[in-house]
Amino acid sequence: IQAITLLTELIRENFRNSKLKQSFLPALGELLYFIASKEEKGECPGECWAVPSATYTVLMRCLREGEERVVNHLAAKIIENVCTTRSCHAQGFITGEIGPVLWYLFTHSTGDSLKITPISALCRITRSSPNAFQSVIEKVGLTAVLNSLANGICKIQQYMLTMFSAMLSCGIHLQRLIQEKDFVTTIIRLLESPSAFIRAKAFLVLLQVLINNREMLLLSCQTRLMMYIERDSRKTMPGKEQQGGSDYLSKCLDLLIYHIVRELPGILDDILSALTNVSGRKHPSTVQAKQLKMCLPMMPVVLHLVTSQIFRPQIVTKEFLFNYGILLEFIRSIDSGETNLDRAIGQAASEELIKTTLLTFEAVAEHPSLLMTHRLTVEDSILPPLVSLVHSQNVEWRLFSLRLLSETTSLLLSHEVTAEEKGESLNSNNKLLSLIKDLLLPQYEHILLAPDPVPMYALKLLVALTERSPSSVSFMEEIHLFPVIFQVILRYQDSILGNTMQTVIALLNNIVANKSVNMMILFEEGLVRHVRNLLTGAMALYLEADNKRSTKTANVLLLSLLDILQYMLTYTANIVRQTLQAQKSGAGGDTQAAEDLLLTNKPLTDLISQLIQLLPSEDVEIFLSASQCLLLLVQLYGGNNEESMSPENMDSFAEVLKSKKDPQELKLLLKIVKRLVS
């Protein structure tokens, strides 16, 4: 203590002598640090070593403006070192002016090392007294501090983030900081830093902000917080090459993720509460409008979280989907006009709410495992209001909800289940099918005849329905959907390779393949004419195709149409066979019906030449389908078609007979030739 007193007196008496101060200050600093560290370890003598107040006064004078930079630096270094300890001696530097003095020294120093020391000293003091940093902000303004944070070098940014975190955790300057958008965006920009420590501390500061102001989560999401979280989550995964500070970064990240996951139910509850209060009202009150304006803008946060691969598995739970179903019911009410939010939040905000809500379920629906895990909740809570939205007067919402319904239903119906799940899945399917049959299909005529691309999604739903539920074909027959399907075929026949036409052909295939379908109704509606025209176009495209992509599309389309043709011809052949057998057995038989059916299908003989042209195809499936259809046609009608024996067709037969080696295939071809010439 005597040495400290002596050095203090020497510096004070020779304060104008800069060289002397530069000599004494390092020694004074070493002694102060020695005493502080001993006290921290509990190794000081029975009585505390009391540092004279004059020592602190002298060191503060050495920090002031006008002093040489070396002296400033030495004094700041002493404060930095002593304040690293948790001792009473560090408390001696905590004065009302220490913050602004060190900040001035930081902003007026040149060179990184001279800048780092005062900001480091300020950081150490802030750890014990956050008011020191608060006094800086009050004197120079938050904008100046944020500019220094944004433009500083890594070490400086690290110290400043630590100070902001200390202030927020103590509640100092809290209300201003958690409301300051520039502050939040500046912190988020620091997540681009190459330093893991800076990113970790930035996550901690954001955590403090979000704990005290949930609404800042929206701004954070809009400024790509989710992207930064996902990036650093991947970097800190086990097995990845770790950089320094990765463990610290991982822990800070986990704290932030945990908090955000816990916040989401509250956000959704607030939105539902606000909508519940105005449900069915055309003119919300001022208080209700204020609540809507406060809560509804948070809906994009839900979307951001659901689209994040880090948050999605943690937030998409049974409870979340149940609440989402309630929200979707409110959306239906808003869309139908039962509830009017336009006066409260404006038409644009109302439409944005609907769009964001639908986009949220779209993000969930893109992950089949989530839908299947919570299948019953999806079917009970989400699909009914989604079906209602298909009848929306707004074209965009009608299309959006139909697409979601089509994709979701297709997935739920086509999911393969294990033996244990079979009973539950059957009940679930029955419930889903009943929902579609009762609420959706009776209105389907208007949907199928709506402008593009509504029919394509409507047809996709019917394809999934007819694949998984044979009884749905009978229901379609009951509500007279077959004529509408043929209208769709007529409408899109000029773009045979388009998605809509491919989907309607897949649907037609499912219908004619259904054992319970009344084929005579289909024949009466012009099935033969439509199939002949479609096959004529499809075979021409296939034979003319010159690139692999169009060939592949034409292949799929042609195979589907050939399947339809085969079902039609097989049905006709069976009727004719049954009539002949009945005549032979003496049981009579309706020969007129058989003759009428043969006459109805007669236009299909126009396809014989093109089917013969398909026989040399390198695609085995097309060869087999074409040859089976050809055999049925010549068995029913013989070689009556004059073009069937043309030189071009004979060349095709010659080519295919030479190329085929399989006895069964050769036998099939010879049967066709025999019937043609007989």
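**Exercise 1.** In which loop does arginine 224 lie?

*Solution.* Arginine 224 is placed in the loop between helix H14 (216-222) and helix H15 (225-235), where helices are DSSP runs of H or I with at least four residues, numbered from the N terminus. The model is a predicted one, in which local features need pLDDT of at least 70, side-chain atom pairs count only at pLDDT 80 or more, and totals for chains, interfaces and linings use all residues. Residues are numbered from 1 along each chain as its sequence is written, and side-chain values use heavy atoms, with hydrogens and water left out.

**Exercise 2.** Describe the backbone and the accessibility of arginine 224 and histidine 480.

*Solution.* Next, locate histidine 480, which lies in the loop between helix H29 (471-478) and helix H30 (482-492). Finally, apply the accessibility classes (buried under 20% relative accessible area, exposed over 50%, partly exposed in between, with a 1.4 Å probe and protein chains only). Arginine 224, at 43%, is therefore partly exposed, whereas histidine 480 counts as exposed because its relative accessibility is 57%.

**Exercise 3.** Which two residues does a cis peptide bond join, and what is omega?

*Solution.* The cis bond joins aspartate 452 and proline 453, with omega about -5 degrees. Proline 453 is found in the loop between helix H27 (444-448) and helix H28 (454-468).

**Exercise 4.** Work out the surroundings of glutamine 610.

*Solution.* Glutamine 610 sits in helix H36 (residues 608-614), and it is classed as buried because its relative accessible area is 18%. Leaving aside residues up to four places away in sequence, glutamine 610 touches Thr536, Met539 and Ala540, a contact being heavy atoms within 4.5 Å. With threonine 536, a polar atom of the glutamine 610 side chain lies 3.3 Å from the backbone oxygen.

**Exercise 5.** Where around the axis of helix H35 do Ala594, Leu597 and Asn601 lie?

*Solution.* First, note that Ala594, Leu597 and Asn601 are buried in helix H35 (residues 591-601). They cover an arc of only 60 degrees around the axis, so they lie on the same side of H35; the arc is that of the directions from the helix axis to the C-beta atoms.

Technical notes: Helix = DSSP H or I, 4+ residues; strand = E, 2+ residues; numbered from the N terminus. Polar contact = N/O pair within 3.5 Å; in protein donor to acceptor, adjacent residues only side chain to side chain.
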